[in-house]
Amino acid sequence: MSPKDSRAAAGPRVALVTGGAGGIGAAVVAAYAAQGTRVAVLDRDERALAGADGDLHVSADVTDPAAVEEAVATVVRQAGRLDVLVGCAGTATIAPALDIDLAGWARTVEVNLTETFVVARAVARHLVAHGGGRIVTIASQAATVGLEGHVAYAASKAGLLGMTRTLALEWGPLGVTVNTVSPTVVLTALARPNWENAAGDALRAQIPVGRFAEPDEVAAAVLYLTGPGAAMVNGHDLVVDGGYTVR
């Protein structure tokens, strides 16, 4: 039996989702569950984990590489395998570039870029050793166009695109594809009230399709990139923005 057949015989795929307790991450967890994929949720916030869906919950300080390695090992030990990583954890400090405090800058870059890399590397080591797999992280339209007040967020997400291209180049030959999804504003439960105003109306008017994205639309893009039809997609940024960034 080939390694690929052996993995298929071991049972349903297992996806590890960071930031899976709410927003886009929760939509990704639900989408995987609907297709029969087992889901493990990784987060440093135990309170967030307590309310998360998914089959497994693992808490770890994702700034600590050793703790992340152990968390990934725990998922593999409990689930029996690991096939996919989806990085949905993120944060943003919104302020004009002249005013943003460096603590907010550092926190945004740490969560959105450094912690994403730490988790991706830990998972990739397992995937490489077990025949390959898929990694997808959530970037943003802010990675490719300027958005006022988003200097730290834009820098972190642009860094994520550069990191992804390099990882795709290095890990593709080892059987691991690495891609990103870049949404426009996504109407999560937390975000929706923030855009039901004149600013939201003005931004929607700049999107060719005339609306913002729904969480399940972003989840659908993630499922495509981690599904069988995307085996040749590597190092790509799949933009889910209704055409906002084509201008």
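I began with helix α5, which gives the most to the lining of the largest pocket, with six residues. Helices here are DSSP runs of H or I with at least four residues, strands are runs of E with at least two, and both are numbered from the N terminus.

Before going further I noted that this is a predicted model, in which local features need pLDDT of at least 70 and side-chain atom pairs count only at pLDDT 80 or more, while totals for chains, interfaces and linings use all residues. Residues are numbered from 1 along each chain as its sequence is written, and side-chain values use heavy atoms, with hydrogens and water left out.

**The largest pocket**

I looked up the volume of the largest pocket and found about 1,500 Å³ of space in it. Of the 48 residues that line this pocket, C88, G90, T91, A92 and Y153 are the closest to its centre. Two or more lining residues come from each of α2 (23-34), β2 (38-43), β4 (84-87), α5 (102-129) and α6 (151-171). For my own reference, a pocket is an open set of points on a 1 Å grid over the protein atoms alone, where a 1.4 Å probe fits, with protein on both sides within 12 Å along at least five of seven lines, and lining residues have an atom within 4 Å of a point. The volume is the space filled by probe spheres set on the points, which are joined across faces, edges and corners.

I then sorted the lining by class and wrote down 25 nonpolar, 17 polar and six charged residues. In this sorting, Ala, Val, Leu, Ile, Met, Phe, Trp, Tyr, Cys and Pro count as nonpolar, Asp, Glu, Lys and Arg as charged, and the others, Gly among them, as polar.

**Salt bridges**

Next I turned to salt bridges (a side-chain nitrogen of Lys or Arg within 4 Å of a carboxyl oxygen of Asp or Glu), and the structure holds eight of them. Side chains of opposite charge can pair when their charged atoms come close.

I looked at R44 and E115, whose closest N and O atoms are 2.2 Å apart. This pair links distant parts of the chain, since R44 sits in the loop between β2 and α3 (46-50) and E115 in helix α5, 71 residues apart. For accessibility I used three classes: buried is under 20% relative accessible area, exposed is over 50%, and partly exposed is in between (1.4 Å probe, protein chains only). R44 counts as partly exposed because its relative accessibility is 35%, whereas E115, at 8%, counts as buried.

I also checked R125 and E69, whose side chains meet in a salt bridge at 2.3 Å, N to O. R125 lies in helix α5 and E69 in helix α4 (residues 65-79), so this pair ties together parts that are 56 residues apart in sequence. R125 is partly exposed at 47%, and E69 is partly exposed at 28%.

My last pair was E70 and R77, with 3.4 Å from N to O; here E70 is partly exposed at 44%, but R77 counts as exposed at 56%.

**Two loop residues**

I finished with T226, which is placed in the loop between α8 (215-225) and β7 (237-240) and is buried, with a relative accessible area of 0%. L187, in the loop between β6 (176-183) and α7 (198-204), is buried at 12%.
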